[in-house]
Amino acid sequence: MVFEPWQAAVDWFTYSLLGLSPTSPAASALNFFLFDTVKIFILLVVIIFAITFIRSFFSPEKTRAWLAERKGSTVVGNGLAALLGIVTPFCSCSAVPLFIGFVEAGIPLGVTFSFLISAPMVNEIALGMLWGLFGWQIALIYIAAGLSIAIVAGIVIGRLGMEQYVEEYVYQIRVGPSGGEGEKPTLRERLVGSWEASLDILKRIWLYVVIGIGIGALMHGWIPAGALAEYAGPGNPLSVIIAVLIGIPLYSNAAGILPLVSELTRAGVALGTALAFMMAVTALSLPEMILLRKILKPRLLAVFIGVVGTGIIAVGYLFNWIVR
Amino acid sequence: MKVEIFGNGCAKCHQLEKHVTEAVREMDLTAEVVKVDDIVEIMNRGIIFTPALVIDGETKVAGRVPSVKEIRELLTAGA
């Protein structure tokens, strides 16, 4: 694989130059830290830049117009919304105005939710970290699982007919004409803009990533593989549910938590449990719930959390069952 | 010049406000800086992606926090 020369360099540094014994915990931790930090940052840069660049071709306004054109809650509508959730620029700060904008444009509630679930869950940081730590196969599985949850949860919420549990004032709002989007950027401007945006994201998360890998490295050195299998392995029926409950309040540190999650799987935590934890961290974040409460009555908010939470737990068990 | 900051109270919106205030002070501009955090008003203005920076009625930035340097450039272009 691409990182073999780097592994060789790190091996030489830890075992030959520093003269640490390959079997000592300190050597193992240091080797892991050096190798993983560089590998993860390279993959993060690649993924974040690629997604930011793709996103420069999309905008929430365009996505809204596309979804509004195909009114009616169909599986295709939910699928399209979930897919657009990945490529449309999104931040949880804008969940409320986006939601109102979608509803006002006549987009069905279930389709709106498919978008709102997939947008934060399948994000560039999570994908970059998953690719770096678990490999591209797991990153792809994560995308597929995230899309499935967004589509199914959106369809379920749509079928439940909960329109009256959106705060009334939302339906009174009329979205006015916007102040224009400016000129269309050239390819060069897109590339430069995406690069700058990627650096911004990296500046925001790098410290968490390094700390996360640091703690992961300590675990790598001192906690033997499989040590936690007894508690959180595929055999423990409650592990997925507990992982989801722990994941909900942990939002802002998703970048720092993943290296730990990866180490936990090495220590014996089942992969499905780890993925469920990851999804709970990204899709059901506490700050976003507080914002959504402004537009959703408690009952709909509870249904949203319940349906998405159930979906995540189901995916977690499915994986624990498949990957044994 | 009228500079408007749209956001419904998230961390990024506060940061945008800080950057704008700093840019305006550095440039010694006489600009009217308005913070709009009422969601109804935000929607009425056609903004569905916050935080947003609007200069003289034209949406310049939406959904991200531009640097102080970028805001200075936008303000210079608008002056």
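In this predicted model, residues Trp6(A), Gln7(A), Val10(A), Asp11(A), Phe13(A), Thr14(A) and Tyr15(A) of helix H1(A) meet Ala27(A), Leu30(A), Asn31(A), Leu34(A), Phe35(A), Val38(A) and Lys39(A) of helix H2(A). Two residues are in contact if their C-beta atoms, placed from the backbone, lie within 7 Å. The residues of this contact comprise nine nonpolar, three polar and two charged; Ala, Val, Leu, Ile, Met, Phe, Trp, Tyr, Cys and Pro count as nonpolar, Asp, Glu, Lys and Arg as charged, and the others, Gly among them, as polar.

H1 spans residues 4-17 of chain A and H2 residues 25-55 of chain A; their axes come within 10 Å and cross at roughly 150 degrees. Axes are lines fitted to C-alpha atoms, for helices over the stretch in contact, with angles from 0 to 180 degrees between N-to-C directions. H1(A) and H2(A) are therefore roughly antiparallel to each other, a term for angles over 145 degrees. Their crossing is right-handed, that is, the near helix is turned clockwise from the far one by less than a right angle. Helices (H or I, at least four residues) and strands (E, at least two) are DSSP runs, numbered from the N terminus.

Residues are numbered from 1 along each chain as its sequence is written, and chains are lettered from A and ligands numbered from 1 in the order in which they are written. As the model is predicted, local features need pLDDT of at least 70, side-chain atom pairs count only at pLDDT 80 or more, and totals for chains, interfaces and linings use all residues.

Between the chains, 22 residues of chain A are in contact with 23 residues of chain B. On the side of chain A that touches chain B, the elements giving two or more residues are helix H3 (60-69) and helix H5 (95-104) of chain A. H5(A) gives the most, with five residues. That side of chain A divides into 12 nonpolar, six polar and four charged residues.

Chain B holds some backbone exceptions. Most residues other than glycine have a negative phi, and most peptide bonds are trans. A cis peptide bond joins Thr50(B) and Pro51(B), with omega about -5 degrees; Pro51(B) lies in the loop between helix H2 (39-44) and strand E3 (52-55) of chain B. Two residues other than glycine have positive phi:

Conventions
Parallel < 35°, antiparallel > 145°, perpendicular 65-115°, else oblique.
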